Amino acid sequence: MMDTILFGLTIGAILYLISIGLSLTFGTMKVINFAHGLVYALGVYFYISLLPRLGSFLPAVILSVALVIPVSYLIERLVVRRLYGQSIDYAIIATYAVLLIGTDAIKIVYGAVPYPLSAPIRGSFSFLGASLPIYRTLIVAAAVLVFLGLTLFFKKSMVGKVVTAALDDQEGVRCLGLRVEKYFSIIFMIGSGLAALGGILYAPISAAHPYMGFYILLMAFAVVIVGGMGNMKGTFIAAFALGLLISITGRIYSQAAEVMVFVAMALVLLFRPIEDSSH
Amino acid sequence: MVNENEVLITSKENATFARLSLDKGYARTLVELAVISIIMIIAARFFRMYRITDFMVFIIFVLSFDLLYGYMGHLSFGHMLYFGSGTYASAIFMNRVSGNPILGILAGILFAALLAIFLGALVMKTHGAAFALINMGFNQIGFFMVVSGLSAITRGDDGMAVFPDPLGSIHLGNERILFYVVLGSLLAVFYFLKRLTQSSFGIMIRSIHENENRVKFLGYNTYRYKIITFVISGAIAGFAGTLTTINYGFISPGFINPFYNVNPIFAILIGGAGNLYGAIIGGLVFKFLSEYIAIYVSTWELVLGIALLIMTFRFRTGIVGSVKTLFGKLLKERMGGGTK
């Protein structure tokens, strides 16, 4: 039972890392960003390329995440920012197009075959036994650290304060003479970097394949809807709750595990209709 | 933002137009139906007939999506669910209950419509981004159900073959007969949607697109109209699905895969949203592109993505919209009603 819970927490941690960017992007820019699935997959493939060259885990992770950030800047600058304030449909379609292009580019460079990765913790014996795998515990710890870090960031730093204010009242912040776009762009890049990190951490548990972004996006959207769009604490709780839901359902009836996420999403909608301001 | 009375005025004008068009509209509608038939028959002479049958089925699907997205302004990323439930319901019905293709088609439409009633009541509480995503979530549930949850009935990833019985001497396996059956279906769906979108109901859903709150303030229950539209759209999508079952004679989870939701969206963007002609032209162009580019270019998704980006930034009104801008008022007067 303990390993089921840990597995649920691991999934929750990954879901949190991926969803927080989506949630913030939606809360600030009112954009549903399908390209988030691309940076998630891209991070993993950068990592696959870098790991043999650098030889060790941590530098490869840091460098891959660092490489994803300029890509996300380009996506934000060239696609998302040009669709500010317009019908949300165009943003959905345009970022979906970016996801399609990027996925095909990954297929061209790396091929469509799934790429298995081994867990990076040295002394692999420690997570093959019945005891708790260290690697997964570390993932959960990383997600909690990211949550604490982000909470601190939004409370203490200037960027964080501006964005927190903009989540609440964007016009008000604009009236103070602040260019919110600049701050949103930073948030966009942080969110993308975290998604890439989530992808890299999750890849050894599953496997890397070009369409991994599509699949995880659906889950992340469910997390964002359950947690509340733009709600940081809600996203954290929803991610772990849904992660546990997946692992516990998976133990009872494995085929229903992923479906349960969407059932939970439907139930949330039924009892708490979303009053999003999409215009 | 729209002017205070604009919705009302537009509605009145359209209502007048709808009434007038009843008198002189029949001749025009007949001409339109004839033009569509001629285009399809000519296309069938130059290309493989079963291909054009497939194209027409896709156009029916695009028309159903146009009602939801183009006319009512609700972008769904989960319309494949209704297409796929039509496919699977008709196939399972024909394999297990009765081989009669007409009953099979009716079963598929009925199932898709029931699903749309059930889920529509839920998803129509949302709009905008949440609407798009929730539909995608339900589509994903449907996909999982077909692949693993109900794999005892749906045969999971293997898919299944379907053998409809002949109707007396008419055998739908004959590609010529099927071509004309599907052409007739396309004309029927087109005619139905044309009448629907020009009726007061059509004005209502276009007003919801423009400004839902205003329609609510006028005292209308928009929720009800939205669900009805969703069910009609879902049922027509299911109809397209049942025709696919008969056309292919084999079904697989690809027909319910949420990944393909981008196809009708793209087709509508090509042709022009909120316009039945746009849906037909867009559906045809999309199918030609996807069939023939995919042969020469292995990276079809890349091409599709770039084209989508260009269209969202530079070419939003689609082919029909661009042609209309080109010919200005002259064409606008002629096309009237179904366009905005």
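Student: How do H3(B) and H5(B) run relative to each other, roughly parallel or roughly perpendicular?
Tutor: This is a predicted model, by the way. In it, the axes of helix H3 (residues 80–96) of chain B and helix H5 (residues 128–149) of chain B cross at roughly 30°. Angles under 35 degrees count as roughly parallel, so H3(B) and H5(B) are roughly parallel to each other.

Student: Within what distance do the axes of those two helices in chain B come?
Tutor: They come within 9 Å, and H3(B) passes H5(B) in a left-handed crossing.

Student: Which residues make that contact?
Tutor: From H3(B) there are Met80(B), Leu81(B), Gly84(B), Ser85(B) and Tyr88(B). H5(B) brings Phe138(B), Asn139(B), Gly142(B) and Val146(B). By type, the contact of H3(B) with H5(B) has 5 nonpolar residues, 4 polar and no charged.

Student: Switching topic: how many residues does each chain put into the contact between A and B?
Tutor: Chain A gives 36 residues and chain B gives 32 residues. On the chain A side, H4(A) has the largest share, with 15 residues. That side divides into 28 nonpolar, 3 polar and 5 charged residues.

Student: And what does UniProt list as "transmembrane region" in chain B?
Tutor: Its unreviewed entry lists several spans, including residues 55–82 and 293–313. In the model, residues 55–82 of chain B are 71% helix and 0% strand, with end C-alpha atoms 18 Å apart. For residues 293–313 of chain B, the span is 86% helix and 0% strand, and the end C-alpha atoms lie 22 Å apart.

Notes:
Residues are numbered from 1 along each chain as its sequence is written. Chains are lettered from A and ligands numbered from 1 in the order in which they are written. This is a predicted model: local features need pLDDT of at least 70, side-chain atom pairs count only at pLDDT 80 or more; totals for chains, interfaces and linings use all residues. Two residues are in contact if their C-beta atoms, placed from the backbone, lie within 7 Å. Helices (H or I, at least four residues) and strands (E, at least two) are DSSP runs, numbered from the N terminus. Ala, Val, Leu, Ile, Met, Phe, Trp, Tyr, Cys and Pro count as nonpolar, Asp, Glu, Lys and Arg as charged, and the others, Gly among them, as polar. UniProt positions are given in the numbering used here, feature names are shortened, and annotations may be inferred rather than shown by experiment. Axes are lines fitted to C-alpha atoms, for helices over the stretch in contact, and angles run from 0 to 180 degrees between N-to-C directions. Angles under 35 degrees count as roughly parallel, over 145 as roughly antiparallel, 65 to 115 as roughly perpendicular and the rest as oblique. A crossing is left-handed if the near helix is turned anticlockwise from the far one by less than a right angle, and right-handed if clockwise.
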